[in-house]
Amino acid sequence: MDGISDVAVGVKRGSDELSMYNSPNSGMSSISDGASNGSDNKKPRVEEAPPSRVLHIRKLPNEASDTEVIALGLPFGKVTNILTLKGKNQAFLEMGTEEAAITMVNYYKTVNPHIRNVPIFIQYSNHKELKTDAGNQRTQAVLQAVSAVQSSGSPSSDVQEVLTAASSPVLRIIIDNMFYPVTLDVLQQIFSKFGTVMKIITFTKNNQFQALLQFSDPVTAQQAKLALDGQNIYNSCCTLRIDFSKLVNLNVKYNNDKSRDYTRPELPAGDGQPSLDPTIAAAFSKDSSSLLGKIPGALNPLSAAAAAAAAAGRVALAGQAGSSGVLLVSNLNEEMVTPQSLFTLFGVYGDVQRVKILYNKKDSSLIQMSDANQAQLAMSHLNGQKMYGKIIRVTLSKHQTVALPRDGLDDQGLTKDYANSPLHRFKKPGSKNFQNIFPPSATLHLSNIPQDVTEDDLRLLFSNAGGTVKAFKFFQDRKMALIQMSTVEEAIQALIDLHNYNMGGNQHLRVSFSKSTI
């Protein structure tokens, strides 16, 4: 341990630097403290150190391991040294080059770094190098382990002990920006490239798709986490966020599309949960070996989404019936529903082209999306939601298109063509809207708010839509806000009524579902 005291005390300005960093106001001016009370920006800030290949990391969780700290730097280049100060919840990480350190700091200015779901803070250190004791075997072993993992080699047995101590064989996986469905089988395909996947459990928590995945050993889990954390499954979306679970063993009761124990194929499918059709499963594994062979990196989103949907057993594979972009929506409230209300709600998940409320069955409607992927997305998010007091059912239609009424035929406004609508959210390739698609939730995200509109104005507007406003929060620039209704149904109603609402001065309010709560 001599080397640690050398660095903390013996390096010029070392102790000053640490006490300065440990003050509650310290931090890079561009990073706001996630745990602060919001008044942080009024306090004097510590001057930012010039670029250095040594980075100072603060606010680490107590249980953070060296391996997890090193993993922060791995995507940017070689990590050459680490010094952790356990009592202060801080660490110093030395990168191989100053360029790697600059890239890392710039990246984490835009993407908040987390370890074990705790936001941490990264900035340049005043140190130009770390003078730790080269004989510090544990640190050297961790660095050696990580370089072995990085070069796809297998860690040696003494290194494995270090890795094993730092981790569990169970990973907790969260999928951000889930524009396309991600299934248990997609996860199995991706993670099995690193070793034997024993068990997977998938679930939705806080409106986000999550999974627990158990490998045969912790070293494999560590390798998979280092390689895959932060990667996109499909282009620009479905980002993997991976942490170690506190669990060391998963208890799986059923083998179906929500959970799987690969060591016990005899388990029942459970309550009404379909086991995967073997033909779909076989078609999927054949198709996805090429699709998912490109991790790390991103995959072709369209064919991958079709494969993902097929794996879920929801859609037939392309070329078979059922792969159209037309949805059949039933159990609608026929007194209230209009083509416009369906256009607005389904338009959250894709660009609606045409809507037809059926003339002889006005509680049902056909909705034509831009493509089969958008139809799949809308179906998976809206089936079973409440609209105008009724639980709607959304399925794929056998129709390939929605026909317009013949010229001169009045169908009482039940069919509308929206092909040229200016309100389509996804017509711009690479639009940010692709990354902000979330399931219906009680909290709505508002944008395009005029400068003179107040919180009271918006609370009143949303209360008049027939709901109760539980909470409200402006973003810093006041052009955007979050508003929380008392139920998901109220939020759906408010979105239908108020998306594109004219706030005056030809500024139209934009409303979408949020993954956040207030």
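This is a predicted model: local features need pLDDT of at least 70, side-chain atom pairs count only at pLDDT 80 or more; totals for chains, interfaces and linings use all residues.
Residues are numbered from 1 along each chain as its sequence is written, and side-chain values use heavy atoms, with hydrogens and water left out.

**Exercise 1.** Work out in which order the four strands form their open sheet.

*Solution.* Start with the terms: strands (E, at least two residues) and helices (H or I, at least four) are DSSP runs numbered from the N terminus, and two strands pair if DSSP finds at least two bridges between them. The order is β21-β22-β20-β23, with antiparallel pairing. Next, find the edges: β21 (469–474) and β23 (510–513) each pair on one side only. Then zoom in on β21, which pairs with β22 (residues 481–485) over five bridges; F472 has I483 in β22 as its bridge partner.

**Exercise 2.** Describe how helix α11 packs against helix α14.

*Solution.* First, take the geometry: α11 (residues 339–346) and α14 (residues 488–498) pack at about 110 degrees, with axes 9 Å apart. Axes are lines fitted to C-alpha atoms, for helices over the stretch in contact, and angles run from 0 to 180 degrees between N-to-C directions. That makes α11 roughly perpendicular to α14 (65 to 115 degrees). Now look for contacts, meaning heavy atoms within 4.5 Å: S341, T344 and L345 in α11 meet I492, L495 and I496 in α14.

Definitions and conventions. Angles under 35 degrees count as roughly parallel, over 145 as roughly antiparallel, 65 to 115 as roughly perpendicular and the rest as oblique.
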